[in-house]
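Dear colleague,

I am handing over the structure we spoke about, with the sequence alongside. Please have it open while you read the notes below.

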Amino acid sequence: MIVAMLLGPITGIGLALVESDMALLWKSLSTLLGGVVGVVVTAFILGTIHKDIPITNEIMARTAPNLLDLMIGLAGGAAGADATVSPRLSVAFVGVAIATALVPPLASASILLARGETQLAFGAFLLAFTNMIAIQFASSVVLWFTGFRKVTRKTGLELREFVVRNAVSIAILLALSAILTANLHHVVSQHLFESTTRGILQQEIGASAGSHLVEVRFETTADTTIVRAVVRGPASPSATQVAAMEAKLPSPPDGTRIELRVRFVQLMVINRDGQLFTDVDFDTSE
């Protein structure tokens, strides 16, 4: 991330659009493309060599971009452009910080591609692309407000010319906003679903003396959301009791049907008087 200073060429693109400098635009685009290719190729090679290493949460966290990522990209682009024109700030410092929003998603996408995870890789590429567009547009706005608009001052149509020159960026930002807003809604809905499901299972299983919920995991197939619950206690729940708990769970936000699967681990608590908890049925019926 420290080596891949992608902020410079992205800011160059923003300045080129503001100044109508086609030579700078093509130079910045080619430099940015070279940096992106370098990151992708390097990560792909490493991902191919180390296929035996499990995919980490750091990689998975970059496969589902949302509207918050777009906001972060806009803020980062504005900070980078301000550091570029301000003698009091170091652009290298800001560049390294913004690299964390560019290099990791590119590397994650390439590693996932090396493993054949094309859908997850697309999400990571979308995050990197979102950050690039957001940083470029924010840079253009900051540079325009700080006076880098010599051509537009002569025409007398400053704001209109700025909008025209950044029309592609604005259109892409609007499209990304719609896509990422939908992704954010899905993430929030999924989080609420999982939290509510855990709460219900905790309450239902905790109603039986000596029993407690250890872990809940979620798995989505083509048409089913499988809820895997690990339970420890003195007595295993029956199929009827599992069905009763399943009926109380909320519907998944993606419209799939829900299926509860309980993995039971027998637990015995013994004190000097003997077994503390005896076989107690789960009270899941109303």
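This is a predicted model: local features need pLDDT of at least 70, side-chain atom pairs count only at pLDDT 80 or more; totals for chains, interfaces and linings use all residues.

Residues are numbered from 1 along each chain as its sequence is written, and side-chain values use heavy atoms, with hydrogens and water left out.

Helix α2 has 28 residues and spans 40 Å from its first C-alpha to its last, close to the 40 Å expected at 1.5 Å a residue (the expected span being 1.5 Å times one less than the number of residues). L25, S28, L32, V36, V39, A43 and G47 of α2 are buried (under 20% relative accessible area, with exposed meaning over 50% and partly exposed in between, for a 1.4 Å probe and protein chains only), and the buried residues of this helix pack against α1 (7–19), α6 (103–114) and α7 (118–145). V37, also found in α2 (residues 22–49), counts as partly exposed because its relative accessibility is 42%.

Turning to charges, a salt bridge here is a side-chain nitrogen of Lys or Arg within 4 Å of a carboxyl oxygen of Asp or Glu, and the count by this rule is seven. One of them joins R228 to E219, with the closest N and O atoms 2.8 Å apart; R228 is partly exposed at 28% relative accessible area, as is E219 at 33%. R257, E259 and R261 form a network of salt bridges, in which E259 meets R257 at 4.0 Å, N to O, and R261 at 2.8 Å, N to O.

Best wishes

Conventions. Helices (H or I, at least four residues) and strands (E, at least two) are DSSP runs, numbered from the N terminus. Contact means heavy atoms within 4.5 Å.
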